[in-house]
Amino acid sequence: GAEPQRAPAARWAADAPRREEEARRAEEARRAARRAADALLEAQRAANAFRVYAEDAAAKIDLFIRTRRRFDSARPLECACEIALIEQNLLNGAREIIERHDYGARFAISNSGNSVRVRHLTPFQGDATHRVYGKFECRPCGRKWESASTWRDKWQACQRCETRTYPYDQHPLVQGDHTDATEDNRRPHDMARCERCRELGRICVPGRYYAA
């Protein structure tokens, strides 16, 4: 009677190395899975951080191109800027941002690869129904103005020389952005010189600001 009772215990003891090895392998697998998950999370964080950086850098490059002395705000798609100039004066590694697939629709690189142009008439390329704040500079006469009634790919005509001018800088409206910023901030929107107003046949200023 005693011998049959000892047999299972003996088998259990003999099987201990195998169980320990299986437990060790299971623990290693769990640790490897945690390391893989942590690495994936870190890669996602790095990718998100780079996207934020790249978007900010692309916006700065766009503004740099549009504020060059030779840039014609009446014909923004025709003005090229040397990439070397951008890397020297703004951002080392700008070429990487310009050449990224994500921004192929934003910038156009010359066949020689030495210069770049913007692909859009205005910096803002969001919803066409969103009104944003914009800054203008008429290159023929030098007049500058700002307006809280600017739109995607729409011009305003210069009040001095009537040149149709696209904004070189735009940002979402925030509280404090006046409807048409002037010295006293009370000048009404110039409908006759606003492409959006002329298309609509009425004033383009809606009842509310658009804010991001």
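Among contacts (heavy atoms within 4.5 Å) in the chain between residues at least 6 apart in sequence, 60% join residues at least 24 apart. This is a predicted model, in which local features need pLDDT of at least 70 and side-chain atom pairs count only at pLDDT 80 or more, while totals for chains, interfaces and linings use all residues. Residues are numbered from 1 along each chain as its sequence is written, and side-chain values use heavy atoms, with hydrogens and water left out.

**Overall build**

- The chain has five helices and eight strands, where helices (H or I, at least four residues) and strands (E, at least two) are DSSP runs numbered from the N terminus.
- Read from the N terminus, the order of these elements is α-α-β-α-α-β-β-β-β-β-β-β-α.
- Of the 212 residues in the chain, 31% are buried, a term that stands for under 20% relative accessible area with a 1.4 Å probe, counting protein chains only.

**Arg66**

- Arg66 lies in helix H2, which covers residues 16-66, and because its relative accessibility is 2%, Arg66 counts as buried.
- The side chain of Arg66 reaches the backbone oxygen of His120 at 2.8 Å.
- Leaving aside neighbours within four places in sequence, the residues in contact with Arg66 include Phe71, Val118, His120, Arg139 and Tyr168.

**Confidence**

- The mean pLDDT (the predictor's confidence in each residue, from 0 to 100) of the chain is 86, and 86% of its residues reach 70 or more.
- Over residues 179-185 pLDDT stays under 50, and the model has 18 contacts beyond four places in sequence for this stretch.
- Residues 208-212 also have pLDDT below 50, with 14 contacts in the model beyond near neighbours in sequence.

Technical notes: Buried means under 20% relative accessible area, exposed over 50%, partly exposed in between (1.4 Å probe, protein chains only). A polar contact is a pair of N or O atoms within 3.5 Å; within protein, one must be able to donate a hydrogen and the other to accept it, and residues adjacent in sequence count only if both atoms are side-chain atoms.
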